[in-house]
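Okay, thanks for making the time, everyone.

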Amino acid sequence: MSFKIAASPHAHQRRTTQQVMRWVYVALIPGLLVQSYFFGFGVWLQITLALFTAWLAEAACMALRGRSVSHAWQDHTAIVTAVLLAISIPSLAPWWIIVIGTAFSIIVVKHVYGGVGQNLFNPAMAGYVLLLISFPVQMTSWPVPQQLALYSITLQDTAQLIFTGFTGAGYSLEQLRMGIDGVTMATPLDSLRTDLSQALTVSEATSKAIFASALGGVGWAWLNMAFLLGGLVLVKVRVISWHIPGGMLLGLLLPALLMSWFYPDQSVGPLLHALSGATMLGAFFIATDPVTAATSNRGRLYFGLLIGLLVFIIRTWGGYPDAVAFAVLLANMVVPVIDKYTQPIAYGHGGKL
Amino acid sequence: MNEYKELTRQGLWKNNPALVQLLGLCPLLAVTATVTNALGLGFATLLVLMGSNLTVSLVRQWVPKEIRIPVFVMVIATFVTLVQLSMNAYVYGLYQALGIFIPLIVTNCVIIGRAEAYASKNPWQKALFDGFIMGVGFTLVLVLLGGIREIIGNGTLFDGAELLLGDWATALRVEVVQFDFPLLLAILPPGAFIAMGFIIALKNAIDQYRAERVAKPVKAVTRARVTSQ
């Protein structure tokens, strides 16, 4: 009788990349619904454009590299990259924004580094940063939540706006971004940033209409809660572990709490930090990319903490209102170091006794 | 004459200072936002490279081995100062555009590298030619990179050429594409790194393609096994 010893890993999780990715976009659905409720149908159009571009770019790259085109598409990683990028950009941005961003994500950030599993940087966020740096105006023109907008936008208007820059009635995006008071409306984080830099206190800054109903600004709080819900589903079905989102939220909220204790007038409370901007999308969907995040659980915790801390630092003192993309890319660079120092010690191989 | 041909091949393609040796990357990436800047810095480097190669080659018999590097650096610094003062006098606009990167030519590794590797061991004619051809190779890459970045980031070519060549050169300005919103990243330093990476990749791809065409398919020789296992 012979004992056959199989090589590790001994515990299997019977889940293909395709299934993991499918869970990710199922979990994005609540967020997407909320986003299209508050900000119009633009996001769906952006997703369509992104998917189309991603498919073309992926097929071109795989053909150039002499690999099977259909195989690459089937692992669904390009789909997730495209969808995440489409969600991150303002939903009424012109069509070429998402096309350039997605093409850059897939071609330069993913395939130049060697394709699935080889890339150093999160493709969606690298594409986002390219767009933010190159086209700052378009990338900060978030539409006003429908409930506060002066003009309401139909599906047809959305399509015309994305492809031609004007609606059927001839309104430009700049006009559509006016609130009910006829003033162009910034996102909650953006408006806070401007006001705080003009020496207003937080309570003065948050008295604007955009902060009227909810905790983190109209629309944005619900959006973040929807992404939180989807993210919790992902944790529950064990597609992601809690370490990265947990670490990131801790890294963001702890300093925010301390700051709002000591400087209540000049700093934003933790609740607003948690429920505005891209916090929840970043914590549960973007930072948890299995390729570019740290590997061990302890490493993931540090990775998340670093992202959270960086988001807090950039939001508070940096030049940009939101910071998830920059924080994720910076943390991606640190991942090899984190992995080196958090490598678990195999049983029987040194360590403390 | 054969050696000159070989030097040309080395400087322009096979051992190109920018594409293969990857020397002088700092000015290469920093000032190539437009063709004009690239051309200006390329010429300045070319002049310094020729001057320093010539001088180093002429004095090579009298420079002790132990202190050759400081001597080379002083020679290079002299030529850089000459070039800098002349640029200040004759092409002031470009001098301001290039700024700190003119004095920094002193630290460009291409120059000290050629002085040490070639000029200090060869007669002055060859050293001068080597300096010339290496400088041309470097300038060509600068201009190529500058052209790519200027087209993508600004939609033009030879924008501001009058700074380098005088007033008649305003006619050189070509509006290649009219962008409403140019891709700013191409003008910024990351754009330089990405474009440079693609140029190097292209060069390697061309080399590989040529090597494959030259290499004759080797006929596989089947050998009869003479020993049994």
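Before the first pair, one convention: axes here are lines fitted to C-alpha atoms, for helices over the stretch in contact, and angles run from 0 to 180 degrees between N-to-C directions. Helices (H or I, at least four residues) and strands (E, at least two) are DSSP runs, numbered from the N terminus.

Ground rules next. This is a predicted model, where local features need pLDDT of at least 70, side-chain atom pairs count only at pLDDT 80 or more, and totals for chains, interfaces and linings use all residues. Residues are numbered from 1 along each chain as its sequence is written, chains are lettered from A and ligands numbered from 1 in the order written, and side-chain values use heavy atoms, with hydrogens and water left out.

So, chain A. Helix H3 (residues 42-64) and helix H9 (residues 155-164), both of chain A, have axes that come within 9 Å and cross at roughly 50 degrees. That makes H3(A) oblique to H9(A); the scheme is under 35 degrees for roughly parallel, over 145 for roughly antiparallel, 65 to 115 for roughly perpendicular, and oblique for the rest.

Who touches whom? On the H3(A) side we have A:Gly42, A:Leu45, A:Gln46 and A:Leu49, and they meet A:Thr158, A:Ala159, A:Ile162 and A:Phe163 in H9(A). Contact means heavy atoms within 4.5 Å. By class, that contact has 5 nonpolar, 3 polar and no charged residues.

Over to chain B, which comes to 9 helices and 2 strands, in the order α-α-α-α-α-α-α-β-α-β-α. Its C-alpha trace spans about 80 × 60 × 30 Å along the principal axes. Here helix H3 (residues 35-58) and helix H7 (residues 124-154) of chain B pack at about 165 degrees, axes 8 Å apart. H3(B) and H7(B) are therefore roughly antiparallel to each other. Their contact has 19 nonpolar, 9 polar and 2 charged residues.

Last stop, the interface. Chain A puts in 11 residues and chain B 8. Together they bury about 730 Å², 83% of it on carbon and sulfur atoms; buried area is the accessible area (1.4 Å probe) that two parts lose on being put together, summed over both. On the chain A side, A:Ile133, A:Ser134 and A:Phe135 lose the most area to chain B, together 45% of what that side buries.

Methods:
Nonpolar A, V, L, I, M, F, W, Y, C, P; charged D, E, K, R; others polar.
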